[in-house]
Amino acid sequence: MPTRRGSVKLFRLAGIDVYIHWAWFLAFFYFTSRPHAYSNYGWSALEILSLFLLVLTHEFGHALACRSVGGTANLIVLWPLGGVAYVAPPQRPGAQLWSIAAGPLVNVALAPLLFGMIYLGRQLGWGNHFSDAFLLLENVALINLVLLVFNLMPVYPLDGGQILRSLLWFPFGRAHSLMIASVIGFLGVFALLALAIWTNSVWKGIMAGFILLNCWGGLKQARALARIARIPRRAGFACPSCRIGPPLGELWRCGNCGQAFDMFVSLGNCPHCAAHFSATQCLDCGTASPLTAWSPSPPP
């Protein structure tokens, strides 16, 4: 996944930092230099920049929706394969579902606006008087539709695959829903690889490789979550984020001496080197919270 490493910060909006990876510029020059139907290459560059804006608004949809349910979202990274909004919604299926679905909903909202402008332009003869601008509008509308359809494919980690995972979370739980979505994602990888070979598309092959790595990572995470879920839980404590009790055992590792210990027996102090930890990480959702915030009472 792209990170701020190798990326350039563009701006900060609503407390969200937007970065662009250096490889995006290579993709920009590659696609703008290819043959196109415009009268000059400037319009081709505008088309790529329009794609940039579509992806950016899509990612802001994820980030703002995540914040609306009490999650954390303060980073967006744009790269040649699209964009990534680093969102950390509460570990509840409903919160996860809304955080993921909000991205495609941005494209859904844009679709009637763009196609409505195309319809109006045809009635007013824009294609005859402003041929390049009207072609750009048609291409942007088509790109928005393709992004919507592609993202809604039920292939993890695409939005459709994560939406499927969130829906499966309700009946099957956190670990098994991720495992099912990852396995379905592998099937999507094979289909995309076959399509890449059939169409001789390097770009589709790269996308298939990206999805394959994420599916493998999702499968490993699901197996780890399943193992943690089978461990007996400690009574009297609950994670402030996911409301799940901590597992019993020496499952936390000291960042100072590297020894394993039970954070709740030693009350945040490593028994081997006496290092103190002000925050305790939940092994289920990954959220770090002060030990005093862990309580069995439900959130308000």
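1. In which sense do strand 3 and strand 4 pair, and over how many bridges? Strand 3 (residues 72-79) and strand 4 pair in the antiparallel sense, over 7 bridges. Two strands count as paired if DSSP finds at least two bridges between them. Strands (E, at least two residues) and helices (H or I, at least four) are DSSP runs, numbered from the N terminus. Val-77 has Val-84, in strand 4, as its bridge partner.

2. A word on the source. This is a predicted model, in which local features need pLDDT of at least 70 and side-chain atom pairs count only at pLDDT 80 or more, while totals for chains, interfaces and linings use all residues. Residues are numbered from 1 along each chain as its sequence is written, and side-chain values use heavy atoms, with hydrogens and water left out.

3. Look next at the surface. Tyr-30, Phe-31, Val-202, Trp-203 and Ile-206 form a nonpolar patch with about 480 Å² of accessible area together. Such patches join nonpolar side chains (Val, Leu, Ile, Met, Phe, Trp, Tyr) within 5 Å, from residues with over 30% relative accessible area and no salt bridge. A salt bridge is a side-chain nitrogen of Lys or Arg within 4 Å of a carboxyl oxygen of Asp or Glu. Areas come from the Shrake-Rupley method with a 1.4 Å probe. Helix 8 gives the most, with 3 residues. Tyr-30 lies in helix 1 and is partly exposed, at 44% relative accessibility. Partly exposed lies between buried (under 20%) and exposed (over 50%).

4. Check some backbone details. The Tyr-156 to Pro-157 peptide bond is cis, with omega near 10 degrees. Pro-157 sits in the loop between helix 5 (131-151) and helix 6 (159-172).

5. Ala-14, not a glycine, has a positive phi of about 55 degrees. Ala-14 is in the loop between strand 1 and strand 2.

Technical notes:
Patches are made of residues with over 30% relative accessible area and no salt bridge: like charges are joined within 9 Å, nonpolar side chains (Val, Leu, Ile, Met, Phe, Trp, Tyr) within 5 Å. Buried means under 20% relative accessible area, exposed over 50%, partly exposed in between (1.4 Å probe, protein chains only).
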